[in-house]
Amino acid sequence: MRLLFLGDVVGRAGRDAVAERLPGLIARYKFDFVVVNGENASHGKGLIENHFQGLRDAGADIVTLGDHAFDQREALSYIEREPSLIRPINYAPGTPGRGAMLVEGRNGHRVLVVNALGRVFMPPIDDPFRAVEAALADAPLGEVADAVIVDFHTEATSEIQAMGHFLDGRASLVVGTHTHIPTADHRLLKGGTALMADAGMCGDFDSIIGTETEEPLNRFLTGIPNGRFTPAEGEATLCGVVVETDPRSGLATYVAPLRVGGVLAQALPDFPG
Ligand SMILES: [Fe+2]
Ligand SMILES: [Fe+2]
């Protein structure tokens with residue numbers, strides 16, 4: 001199977017880039033399954049239903065979230081009737097929505113997607129390692145699930161690499177989100193799990209992690225808030241990671257970064273065969 005994961009979509013620039021480029025990428029590379037992190041798609045904070053539908057219409061099979069999951073409070077209600085929207089699995093018991101979903105891809109393959117929040121330089125939250133492990137136990141790779149994708153949303157690259165090694169051989173892809181900066185450590189672990197510490201964002205990189213530079217810079221310089229954060233509106237770079245899996249085991253055989261458009265260096269996959 002060919003899997004595509006796109007990092008945090010930020011504001012209008014990110015949404016426009018996904019709408020304009022994702023359908024063509026799916027057609028060109030024949031992706032069987034697409035996951036998009038949408039936690040910043042609505043003005044940088046959360047995801048309204050209309051913007052969620054836009055990501056789905058562009059080709060996202062599953063949309064994941066993060067620490068901004070419920071910044072737009074309507075997500076607390078529509079997530080209950082949208083099985084293709086998942087929020088971090090390690091929120092408190094009783095939180096609306098699901099943290100993991102097993103769904104059928106375009107060719108009938110079953111894909112388990114899990115979203116979790118980390119705990120390093122992040123607000124306190126339940127143990128993500130045990131929560132993800134429990135979700136994987138319900139739909140083991142190669143038995144129930146043909147592919148397993150884990151979106152681990154956290155600040156520290158060490159924590160994501162730890163999750164990768166923890167799940168090595170049990171997931172097709174473990175990828176970090178949240179920092180908005182794509183890392184260059186994409187690789188296959190010994191057990192066959194593809195790992196990348198951060199997918200990067202789908203947003204305007206002429207910015208500070210997707211935000212117009214003026215107010216974040218002011219806060220770094222003075223420590224005194226003087227306005228709101230506003231998403232930068234220049235052309236976005238679409239950032240993510242692609243994986244090819246062995247159809248029998250579900251483990252990864254190829255991993256590569258994907259960056260298209262905007263000001264970042266471009267990178268396109270070169271699938272073998
Ligand atoms: Fe984000
Ligand atoms: Fe985040």
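A polar contact is a pair of N or O atoms within 3.5 Å; within protein, one must be able to donate a hydrogen and the other to accept it, and residues adjacent in sequence count only if both atoms are side-chain atoms. Keep that for the last stop.

This is a predicted model, where local features need pLDDT of at least 70 and side-chain atom pairs 80 or more, while totals for chains, interfaces and linings use all residues. Residues are numbered from 1 along each chain, chains are lettered from A and ligands numbered from 1 as written, and side-chain values use heavy atoms, without hydrogens and water.

**Stop 1: the iron ion (ligand 1).** Select Asp8, Glu39, Asn40 and His180. They coordinate this ion at 2.0 to 2.2 Å. Donors are N, O and S atoms within 2.8 Å of the metal (3.2 Å for Na, K and Ca); water is not among the atoms, so sites may look incomplete. Asp8 lies in the loop between strand 1 (2-6) and helix 1 (11-29), and Glu39 in the loop between strand 2 (33-37) and helix 2 (49-58), so the pair ties together parts 31 residues apart in sequence. Helices (H or I, at least four residues) and strands (E, at least two) are DSSP runs, numbered from the N terminus. Asp8 and Glu39 are both buried, meaning under 20% relative accessible area (1.4 Å probe, protein chains only).

**Stop 2: Thr183.** Find the loop between strand 7 (173-177) and strand 8 (187-188); Thr183 is there. Its side chain makes a polar contact of 2.6 Å with that of Asp185. Next, show the backbone nitrogen of Ala197. This atom lies 3.3 Å from a polar atom of the Thr183 side chain.

Key:
Buried means under 20% relative accessible area, exposed over 50%, partly exposed in between (1.4 Å probe, protein chains only).
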